[in-house]
Amino acid sequence: MITLVNTSSAAVPVTVALHNDDGSALALPVTTTQQGASQTTTTSSVSATINPNATLLLSTGDQLSSLSLGWADVLSTGPLGGYAIFRSTPQAGSPSEGTVPLQSQSPSTLTLPYDNTAGFVMGVALANLSASLANVTVTMWDDSGNQLGTQNLSILGSGHSAFVLPNQFPLTAGKRGIVKFQAAGGISGLGLRFSPFGTFTSVPTI
């Protein structure tokens with residue numbers, strides 16, 4: 001679920017665009033809740049106007065019967081705050097939730113702490129904020145500050161990439177430390193820390 005809040009004194013227009021991993025439009029059943037009214041449509045883009053001190057809610061996962069991968073781009077000419085919550089509800093065991101805050105800038109560098117020890121493992125999700133191909137330089141260190149190595153990762157324009165860190169970059173397997181992602185056009189991302197108990201939590205980038 002995506003929650004967007006207008007804390008300003010003027011109405012703010014907003015469009016939320018959904019993208020596939022390859023950057024193309026991702027059509028999903030989206031339930032929009034605003035001013036107490038809800039509406040569900042299958043779409044790849046939602047446009048609305050949020051009144052001062054009002055909230056807009058978008059839910060994309062309740063009606064899905066299979067896994068969909070991608071990301072949401074929030075576009076607005078005014079100030080907005082917000083976050084997204086994603087949930088996994090297994091048939092057995094406890095559900096897990098993670099949170100990612102709304103990113104208002106287009107940074108060229110993201111740093112993520114990781115812990116791939118004692119049965120824990122870090123997952124990573126990255127989105128390319130540029131319409132052009134992003135060549136991402138990935139640099140890894142252990143928890144003593146020793147550089148483990150550097151590799152490259154390509155993400156299509158407006159695309160998305162999600163992976164388990166030690167599978168994608170084996171130099172981090174069985175270690176703790178930080179990993180830095182650098183791309184010229186701007187990237188967004190977060191970590192997902194999976195536990196040996198079948199649960200996960202979100203880890204923000206620095």
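## A lined cavity

V16, L18, V30, S44, S45, V46, L58 and T60 line the largest cavity of this predicted model. A cavity is a set of points, on a 1 Å grid over the protein atoms alone, where a 1.4 Å probe fits but cannot get out; lining residues have an atom within 4 Å of a point. The structure holds one cavity of 30 Å³ or more. About 40 Å³ of space lies in the largest cavity. Here a volume is the space filled by probe spheres set on the points, and grid points are joined across faces, edges and corners.

The lining has five nonpolar, three polar and no charged residues. Ala, Val, Leu, Ile, Met, Phe, Trp, Tyr, Cys and Pro count as nonpolar, Asp, Glu, Lys and Arg as charged, and the others, Gly among them, as polar. Strands β2 and β5 each give at least two residues to this lining.

## Basis of the model

The model is predicted, local features need pLDDT of at least 70, side-chain atom pairs count only at pLDDT 80 or more, and totals for chains, interfaces and linings use all residues. Residues are numbered from 1 along each chain as its sequence is written, and side-chain values use heavy atoms, with hydrogens and water left out.

## Strands around β2

Strands are DSSP runs (E, at least two residues), numbered from the N terminus. Two strands pair if DSSP finds at least two bridges between them.

β2 (residues 12-20) runs antiparallel to β5 (residues 45-50), and six bridges join them. A17 stands opposite S45 in β5. β2 also runs antiparallel to β7 (residues 70-76), with seven bridges. There, N20 has G70 as its bridge partner.

## The sheet from β10 to β13

Four strands form an open sheet in the order β10-β15-β12-β13, with antiparallel pairing. Its edge strands are β10 (109-115) and β13 (147-155), and each pairs on one side only. Neighbouring strands are turned by 20 degrees against each other on average, direction ignored. Axes are lines fitted to C-alpha atoms, and angles run from 0 to 180 degrees between N-to-C directions.

Within this sheet, β12 (residues 134-142) and β15 (residues 176-182) pair over six bridges in the antiparallel sense. W141 faces I178 of β15 across that pairing.

## The sheet from β14 to β17

Another open sheet of four strands has the order β14-β11-β16-β17, again with antiparallel pairing. β14 (160-164) and β17 (200-203) stand at the edges with a single partner strand each, so one side of each is left without a neighbour in the sheet.

Eight bridges join β11 (residues 121-128) to β16 (residues 187-194), and the two run antiparallel. G123 has L192 in β16 as its bridge partner.

## Aromatic rings

Rings of Phe, Tyr and Trp (its six-membered ring) pair if their centres lie within 6.5 Å; planes under 30 degrees apart count as stacked, over 60 as edge-to-face and the rest as tilted. The count is three aromatic pairs. F163 and F169 have ring centres 5.7 Å apart and planes at 85 degrees, so this pair is edge-to-face. Both F163 and F169 are buried (under 20% relative accessible area; exposed is over 50%, partly exposed in between, with a 1.4 Å probe and protein chains only).

The rings of F194 and F200 have centres 5.6 Å apart and planes at 50 degrees, so they are tilted. F194 counts as partly exposed at 31% relative accessibility. F200 is buried, at 14% relative accessible area. F86, F194 and F200 form one aromatic cluster.

How values were computed: 1 Å grid on protein atoms, 1.4 Å probe; cavity = no way out; pocket = protein on both sides within 12 Å on 5 of 7 lines; lining within 4 Å.
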